[in-house]
Structure formats: C-alpha cells, structure tokens
Amino acid sequence: MQCPECESFVDISFPETDLIFWLPLEYSHEKVMSLLQESNFKYEVLEPQVIRASLTTSSLNPFLIQIGGTLTGQEQRGSNALALPRGTKPDFRNLARTMTLERMVGLSGGQWLQHLIQEDRFTSFFQPIIWAETGELKGYEALFRGMEPDGSILSPGYIFDTAETAGMMFQVDLAGRRSAVQNAAKQSIGDAKLFINFNPTAIYDPSYCLRTTVSACEELGLRPGQIVFEVTETDEVTDVNHLRGILKFYRKAGFRVALDDVGAGYAGLNLLRDLEPDYMKIDRHLIIDIDADDFKQNIVQHLISMAHRQRIKVIAEGIETQAESEWLKDAGVDLVQGYYYARPSAELLSNEQKTSVREIFKHQ
C-alpha cells in the first residue's frame, strides 16, 4: 500500500491536456482569459469563473509559468485548477486531483525535482556530533543533498524552497530519510548515532509515511536505538497532537528523538515541555559569538539547566570558533557540532580525522 502523499506524484502533463480553472475573483478570471486569447489557445467558459483550456505537453508548462508571473500569490492560492487528459469528463473521482493554482504553478516549475527523486539523484552528507568533554565521536547528523545529472551538488535551500512551492515536501522528506539510512549503512557507521531530520508537517500518517524508513533500518542492520529522529521547522508545528502521535510511533519502535532549533522562538520551548525529547539542539543563532554576548549566555545557560532537569542531553550546533567551543563546554553542554570540528562530508570520519578532533579538545 502506498502513502497517498509520500510515495506518489501528481501528473499534470499529458500528451493533450484539459486544464480547468476555478477563478472566483473576477479580475483573476479576466487575466487568465487575456493570456489564453493572446496565446491563441482553444478554450471555453464552462460557467462563470470556470474555464477549460486545451493545451499540449509543450505548451502547458510555459503557460503555467505565464500565469505564475501574471497572478499574485494570493490570487493563485485563492484559485483552483485541475489537469486531465483531453476529453476526460470532470466528475467526483477527480476531486483528489484538484489543487490550488499556486501548487499547480509550483509543480510545473518543479518538474526537475520530481525527476531528481524518481531517478534517485540524491545523497547524504554527514556532520559529526562530538562529546563536549572528551572529543569522542557520538554520531552524525545526516544532511540531504540533491545532485545534477553530472553529479554536481544542488543547493539544499533551492530544493526545499521548490518542494514547498510545489507541494512536494512529503516526497523530499521521505527521500532524505531513506538516503540517510542507506548511506550510513553503506559506510559502516558502526555504533555511532545517526541523526535524521524530518519535518512533522511532511508526515501524512506515521503508519504509512514512516514504515519505509523503519524497514530500511531493519534491512540494513541499523538498530533502532542508534537512530535519532530530529524534529525540524518547529516554528511551523501547529498540531502538537499530530506530532506527539508521530513521536509515539518512533519511540514504540525503539528510536530516539531530538528537537532542533530550541531557543529560536516560543514554539520550540513549548515543544520542549510537551514532548520531552531525548536530545535538544540549541538554535545556532544563539551560538554565534556566545563567548562575548552576555544576553545569549543567559539564555543558553537557562536552556541547559532546564534540559538537564528533564534529563535531556543538550547539543550546541553551528560552532565555528575555539572561543565558542570553550565557553559552551564550560557551560555544561553535552554534545557539540560545527565547522570548528568538521564540515559536512559525503564520507564518515576516518580514524585519523577522529584523532584530530580529539586533539582539539586536549587544548581547551
């Protein structure tokens, strides 16, 4: 059985396509009508504010790009669209294929991302997470990366921005989790923890969306106890009960949980109280120049104290200087991560690199 969101893509392009628009705002309707007339496309008005346009594979995407440049974001979000093979009669069964015009425009511009996922052109980079006292390796955070056909790396920001606009966060989140497990196992991660990011808004139903990740861990020999699922985008969490259900599913399977970006806003602090994760990551903006900033120091000391009272291990990420590293160690953080120790890499640390990291801590 497929998850209806995570493991499927919506087709909007056919050899010959009927594109049906519901445009409730009169001025949006007039703009689309003008575009159709200027482009000499065949169309008909089915009823007030409803247009059916006949397009081909080659004309669909350029036309949707034109719409994206003509209608405002608010107009696109307030309008709906449906793409069907030419001559298909719209009926109740087509409701699941109806989407906002904004998403359809995003899907049109995000075809490359769909191809990237379908062709498995993605990988994971790994950044070490280090014990603050000893410099010993605790684990790695897996960071999703997409690749061009020639093997060059795509900007993660570009991928996630496109995925959000195209409504493809479910698919990208799944690809990232799958890539993390597969690449960590391929490189023999051993007993190290593997921190895997996931966006709770991209989990449709835990029993479906997460089963492939759980199965991959089992098949590749990774123990549930060494996998830490890291909740990202905490400021976007609006349904705490849904997130609690996701984490309950993870914990029941034996996995651990981390909360990212704590201290970035009120939402993160509320989730820290409500969810009681195993690990807490302090927002990197609080880490920058913390050795010279009394205000940041007060906040971080409070966060560390609060976490330790709840038996939550604290991770400071984004460390780039020796002064930041020394202050955080003295403040009592449990684990550290950042460019100061090692940059993200497609390869796990070699024994020589692990020794070099330990040497850093001998001089602190």
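Which residue in E10 does Ile196 stand opposite? In this predicted model, Ile196 stands opposite Phe229 in E10.

**Strand E9 and its partners**

Strand E9 covers residues 193–198 and is mostly covered, with five of its six residues buried. E9 pairs with strand E7 (residues 137–147) in the parallel sense, over four bridges. Within that pairing, Tyr140 has Leu194 in E9 as its bridge partner. Strand E10 (residues 227–231) also runs parallel to E9, and five bridges join the two. The pairings of E9 are set out below.

| Partner of E9 | Residues of partner | Sense | Bridges |
|---|---|---|---|
| E7 | residues 137–147 | parallel | four bridges |
| E10 | residues 227–231 | parallel | five bridges |

In a regular strand, side chains alternate between the two faces of the sheet.

**Helices H7 and H9**

Helix H7 (residues 169–186) packs with helix H9 (residues 211–219) at an angle of about 5°, and their axes are 10 Å apart. Angles under 35 degrees count as roughly parallel, and H7 and H9 are therefore roughly parallel to each other. On the H7 side, the residues that meet H9 are Leu174, Arg177 and Val181. On the H9 side they are Thr212, Thr213, Ala216 and Cys217. By class, this contact has four nonpolar, two polar and one charged residues.

**Ser54 in strand E3**

Ser54 lies in strand E3, which spans residues 50–56. Is Ser54 buried or exposed? Its relative accessible area is 19%, and buried means under 20%, so Ser54 is buried. Apart from neighbours within four places in sequence, Ser54 is in contact with Thr17, Asp18, Phe41, Lys42 and Arg86.

How values were computed: Residues numbered from 1 in each chain as written. Predicted model: local features only at pLDDT ≥ 70, side-chain atom pairs only at ≥ 80, totals over all residues. Heavy atoms only, no water. Axes fitted to C-alpha atoms, helices over the stretch in contact; angles between N-to-C directions. Parallel < 35°, antiparallel > 145°, perpendicular 65-115°, else oblique. Contact = heavy atoms within 4.5 Å. Nonpolar A, V, L, I, M, F, W, Y, C, P; charged D, E, K, R; others polar. Buried < 20%, exposed > 50% of the residue type's maximum accessible area, 1.4 Å probe, protein only. Pairing = 2+ DSSP bridges.
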